[in-house]
Amino acid sequence: MDHQTQNKPTFNERQAMWRYQVTATLKDHASIKPYLEWLFDGHVHSVCQWAEQAEVVHLEGNDHLSQHPPQVMSIYWFTSQAQFERYKQEGAPLLRAEGIAFSESIGGIEFERKHGWAWQVRGEG
């Protein structure tokens, strides 16, 4: 067995987590800093009352020199789909309303939401 095959991760359904991704497309580059501040001043922490962990990514190619509108992706990892459904029932309505109000205060944000089962694979390096 070669080294590459030997270290290949195996599929295991029990290792899956429910991944919820929100991509925010901002109207202009001046909105990036206020949006990130809003996320880190409480929104991400609030979602993590239900989610196991979160990541926030300011996407490449969306800097001030780009012709594309700036985007920020927030990724939340839930231990199960049931935990995500609990978040949708208990937390999401208020947090989405706060997000809409914040969006209006900076000229608008377009939100795209996706979710599904995901696996994390860690390298050995």
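Q: In β3, which residue is the bridge partner of V56?
A: The partner of V56 is S74, in β3. Strands here are DSSP runs of E with at least two residues, helices are runs of H or I with at least four residues, and both are numbered from the N terminus.

Q: And before I go on, what kind of model is this?
A: This is a predicted model, where local features need pLDDT of at least 70, side-chain atom pairs count only at pLDDT 80 or more, and totals for chains, interfaces and linings use all residues. Residues are numbered from 1 along each chain as its sequence is written, and side-chain values use heavy atoms, with hydrogens and water left out.

Q: How many bridges join β2 to β3?
A: Six, and the two strands run antiparallel. β3 covers residues 71-78. Two strands pair if DSSP finds at least two bridges between them.

Q: What's the strand order in the sheet?
A: The order is β2-β3-β1-β4, in an open sheet of four strands with antiparallel pairing. β2 (53-58) and β4 (109-118) each have a single partner strand, so one side of each is left without a neighbour in the sheet.

Q: Which strands does α3 touch when packing on the sheet?
A: Helix α3 (residues 81-90) touches β1, β3 and β4, contact meaning heavy atoms within 4.5 Å. The direction of α3 makes about 45° with that of β1; angles run from 0 to 180 degrees between N-to-C directions, with axes fitted to C-alpha atoms, for helices over the stretch in contact.

Q: Which residues of α3 are buried?
A: Q83, F84 and Y87. Buried means under 20% relative accessible area, exposed over 50% and partly exposed in between, with a 1.4 Å probe and protein chains only.

Q: Why does Q83 count as buried?
A: Because its relative accessibility is 17%. Q83 touches W50 and F78, leaving out residues up to four places away in sequence.

Q: What's on the face of α3 turned away from the buried side?
A: The exposed residues A82 and Q89.

Q: Switching topic: how many residues are in the largest nonpolar core?
A: It has 23 residues, and those with the most contacts inside it are Y35, F78 and Y87. Such a core is a set of buried Ala, Val, Leu, Ile, Met, Phe, Trp, Tyr and Cys residues joined through side-chain atoms within 4.5 Å.

Q: Which element gives the most to it?
A: α2 does, with six residues.

Q: What does Y35 touch?
A: Neighbours within four places in sequence aside, Y35 is in contact with A24, L26, V72, F102, I109 and F111.
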